[in-house]
Amino acid sequence: MTIISILVPHIIRSIPLSTRRFPLLSHFAKSRLTKFQFLAILPVCYHSPYTSFKSMADGEGEMHMQHSPTVEKLEMQFEELRSQLEDSGKLRERIRAVAMEIESTTWLMHSSLLLIHHSISISDVIEKAKQQIGGLRELYNKLAEIIRECPDQYYRYHGDWRTETQTVVSLLSFIHWLETGTLLLHTEAEAKLGLNPTEFGLDVEDYLIGICFMSNELPRYVVNQVTAGDYECPRKVLKFLKDLHAAFRMLNLRNDFLRKKFDGMKYDLRRVEEVFYDVKIRGLATNGESAGKEGDQGQS
Amino acid sequence: MKLFNSSSFVKLSIMASKPQQLRPLAGTSRAKRERTITSNSSVSESAESNPMKDAFAKYANYLNDLNDKRERVVKASRDVTMNSKKVIFQVHRIGKQNKDEVLEKAEKDLAVVRDQYVSRLAKELQGTDFWRLRQAYSPGVQEYIEAVTLFNFCKAGTLLDLDGVNAALRPLSNPSMEPLQINIIDYVLGLADLTGELMRLAIGRISDGEVDFAKKICTFVREIYRELTLLAPVMYDSSDMKTKMDTMLQSLMKIEKACFSVHVRGSEYIPPLGSADARFPLLGEDDIER
């Protein structure tokens, strides 16, 4: 900028006064200067027609004097904003690091849980998957510690651990269901992860989405269990899933992701119903009577 | 449900022959499973449905409350937007003669927006809700930022910083509540929108002959744009910052182009007609003085 600004007076001096103004500017506009360089020249050119060349050079200094206080003040104001945003960026990076560890733990947990489709003894599979829970508790404790630094900003960074947490809930609730046949409740999930609801709780929507993910796992489980010869499984899963679906219908949902997941749950229900139907119509289920009752309900 | 079953029956009946073959093989593991799982479910079957229903009743209440609150915040935010827009239009009515008068009215309008509409947000956004419902109130708050900073620029010629905005909000909430403090993200996004309004203001001022004012706006916007190029990469919370930067550059270039043509035309045009030229009276005087 400075080189051009210094050069401009010399260029102007070499041009006859009458053609000095407009052609020069259009020349600059056509030349390869960037718009920023070009605009840097403007103040100088602006003064040129009415001032002597000497005062024009002064005029350039004047422009600086005139503009610097605003520019400097703005620079200071934005400096403050930048440092605040950078701090929050650093915090976010720390959160992301923990969230990624949570994610890889869930992968391990998921892969060990997938063994249930191999019809290996369920209790062994569950034990192996549960070994990861301790690690998860530690990681969530770390997250809670980071959030403790900025109280009330849980939801500012919520997006950074959201999906991971939903997966965690789906895995925990699946394990819980395999063990007990019941639904892992929100408070139970919090307790399992060692969360303190007043400080760093489990968001209810995340919990519900996680439960929907768990429901997605059930049809495949039922199919493989039946193949492995467990003909009671469909009835049990169907009952559970119907109850769960009925419970979800109590909620007034918005048009959001949870709604979408809930809408998908009916397809899980349908697939389990189909398997149940196939097993029942062939009389494979031993407990014929109760299965028949369930079946009637299923058709209604 | 009958529909589903009949349509898929053909497909599934082919698969269904397999379990029959497997049945004798899997007999032992089935017996074992029956003991472990069905015994559990038979215990829980009677007691199970109630805790689940109870828990879901709680979740339903929670979601209802949250959605109601979100809805209230969205409504309040819309009111803030609407009334902030009115303030912005009022500021645009500024002219050479009526500056004080226009700004005085704008200040009054701004106070109304603050006391009547922004204050409604303060009540709803206590604790963690402040960040949770950000999406719901963000548009209104950004518009409010736009209005206050535009007003402040016209009055004082400076940028009103976040502390300044928040200081004005502090008296709104009663002592028992946390005061509503605008967050940095919405402030910066509001500044990005401000440049669009300043562009309109600059063009208006140029056609009214207030070239110096327009040039001041130009420098100001140029500097905001420059500073925001540094801030945009560290704004992780907002994806729309990038598009705002593009729009901002468009606005800035419009101001610069307008300033440019007034320079060029002004310098060529005025001397032959003299300072009596009616179209750019200020420009003429100004240039001759210098």
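Predicted model: local features only at pLDDT ≥ 70, side-chain atom pairs only at ≥ 80, totals over all residues.
Q: What share of the residues of chain B count as buried, and what does the word require?
A: A residue is called buried if its relative accessible area is under 20%. In chain B, 51% of the 290 residues count as buried.

Q: Why is the meeting of Arg134(B) and Asp186(B) called a salt bridge?
A: The rule asks for a side-chain nitrogen of Lys or Arg within 4 Å of a carboxyl oxygen of Asp or Glu. The N to O distance between the side chains of Arg134(B) and Asp186(B) is 3.1 Å, so the pair qualifies. Across the interface of domain 1 and domain 2 of chain B, the rule finds one salt bridge.

Q: How do you know which helix gives the largest share of the side of domain 1 of chain B that touches domain 2 of chain B?
A: H6(B) supplies 11 residues of that side, the largest share. Helices H3, H5, H6 and H7 of chain B each supply at least two residues there.

Q: What is the area buried between domain 1 and domain 2 of chain B, and what does the figure stand for?
A: The value is about 2,200 Å², with 67% from carbon and sulfur atoms. Of the area that domain 1 of chain B buries against domain 2 of chain B, Gln142(B), Glu146(B) and Phe153(B) supply 28%, more than any other three residues.

Key:
Residues numbered from 1 in each chain as written. Chains lettered and ligands numbered in written order. Heavy atoms only, no water. Buried < 20%, exposed > 50% of the residue type's maximum accessible area, 1.4 Å probe, protein only. Buried area = accessible area lost by both parts, 1.4 Å probe. Helix = DSSP H or I, 4+ residues; strand = E, 2+ residues; numbered from the N terminus.
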